[in-house]
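User: I am new to protein models and would like to learn how to read one step by step. Could you guide me through it?

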Amino acid sequence: MLTDKINELLKEVQDLHAANAEELEALRLKYLSKKGIINDLMNDFRTVAADQKREVGMKLNELKKQTQDRINALKEQFEALSESKNDADLTRTAYPVKLGTRHPLTLVKNEIIDIFGRMGFTLADGPEVEDDLHVYTKMNFAADHPARDMQDTFFVEQNAEDVVKNIILRSHTSSVQARVMEKTQPPIRVICPGRVYRNEAISARAHCFFHQVEGLYIDKGVSFTDLKQVLLTFAREMFGPDTKIRLRPSYFPFTEPSAEMDISCNICGGVGCSFCKHTGWVEILGCGMVDPNVLEACGIDSKVYSGYAFGMGIERIANLKYQVSDLRLFSENDVRFLREFEAAF
């Protein structure tokens with residue numbers, strides 16, 4: 001009887017299983033396709049007696065539903081298994097990425113800025129492509145000063161008749177000081193970090209571009225004693241509390257009197273080594289009292305105000321701090337060199 005076939009198939013459907021998607025599709029075709037077993041039973045249903053149609057019809061619908069549910073359940077199992085095998089973490093990198101670090105010159109520059117920032121100095125910035133007026137003229141350089149010559153300065157535009165109109169790559173960040181003094185009346189207390197350019201042969205000890213930090217303080221009653229104390233504080237903060245300084249007379253067009261500052265060699269402790277040429281001292285910066293001519297050229301009354309200025313090369317400080325013997329390493333971007341400063345970050 002048809003009812004017996006349906007009952008047998010109901011038991012059979014409950015135990016259906018498939019090892020893969022192909023076997024599952026074969027089961028679907030066997031039971032649910034137009035040529036499948038259940039469709040054949042639907043055709044046989046036409047011969048069922050009228051008084052039995054209701055009972056047999058319900059059984060037949062139950063068989064079709066259970067078969068469909070069983071096949072759907074197997075399909076979901078295969079899909080879940082497939083997803084678990086391909087469950088990739090899309091937020092994870094395909095390979096380990098090594099973290100970088102700041103450039104050693106940036107590390108030193110930031111440390112210098114932090115030290116002077118704690119002493120009340122604020123940051124000032126200016127253009128690298130400058131005019132002669134701010135780089136030289138307002139800094140008290142004479143019209144025939146050697147620094148204006150081609151062997152020292154990179155000229156972008158040169159006007160032989162009027163040197164003030166010359167456009168150059170700044171050779172020092174003193175041009176930033178000139179612009180600050182033009183626009184600001186004292187008290188002024190700024191530091192000016194930046195890149196500068198000079199027409200020099202590239203070697204282990206020199207480069208055609210390098211980095212400076214210059215400082216400027218102008219107010220009433222500023223003295224050389226104030227300058228010395230600020231520089232001593234900086235040296236001890238940067239190189240250690242036992243660092244000593246000495247000031248030697250020198251000459252700069254924009255300061256008078258002028259001096260160069262040495263520190264006791266932080267490598268040998270002042271005893272003498274090859275780095276300090278066995279003198280126990282290493283020069284790190286130039287400084288002095290701002291020349292009255294500079295103040296007047298920038299619109300500041302030199303009879304009322306006085307000030308001091310200083311400037312240092314960041315590469316020079318980095319050499320002392322990290323004992324880098326070749327300046328070219330700072331600009332060659334050799335990752336092996338840069339990785340040595342990961343711990344300093």
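Predicted model: local features only at pLDDT ≥ 70, side-chain atom pairs only at ≥ 80, totals over all residues.

User: What does the radius of gyration say about the protein?

Analyst: It is taken over C-alpha atoms, and the globule rule is 2.2 Å times the number of residues to the power 0.38. For 345 residues a compact globule would have a value near 20 Å, whereas the protein has 42 Å. The C-alpha atoms fill a box of roughly 125 × 50 × 40 Å along the principal axes.

User: How many helices and strands are there?

Analyst: Both are DSSP runs, helices being H or I with at least four residues and strands E with at least two, numbered from the N terminus. The protein has 11 helices and 10 strands.

User: Which residues of α8 are buried?

Analyst: Buried means under 20% relative accessible area, with a 1.4 Å probe and protein chains only. In α8, which covers residues 224-239, the buried residues are L227, V230, L231, L232, F234, A235, M238 and F239. Across the protein, buried residues make up 41% of the 345.

User: What do the buried residues of α8 pack against?

Analyst: A contact means heavy atoms within 4.5 Å. The partners of these α8 residues include α5 (104-117), β8 (255-264) and α10 (314-322). Just after α8, G240 takes a positive phi of about 120°.

Technical notes
Residues numbered from 1 in each chain as written. Heavy atoms only, no water. Buried < 20%, exposed > 50% of the residue type's maximum accessible area, 1.4 Å probe, protein only. Expected span 1.5 Å × (residues − 1).
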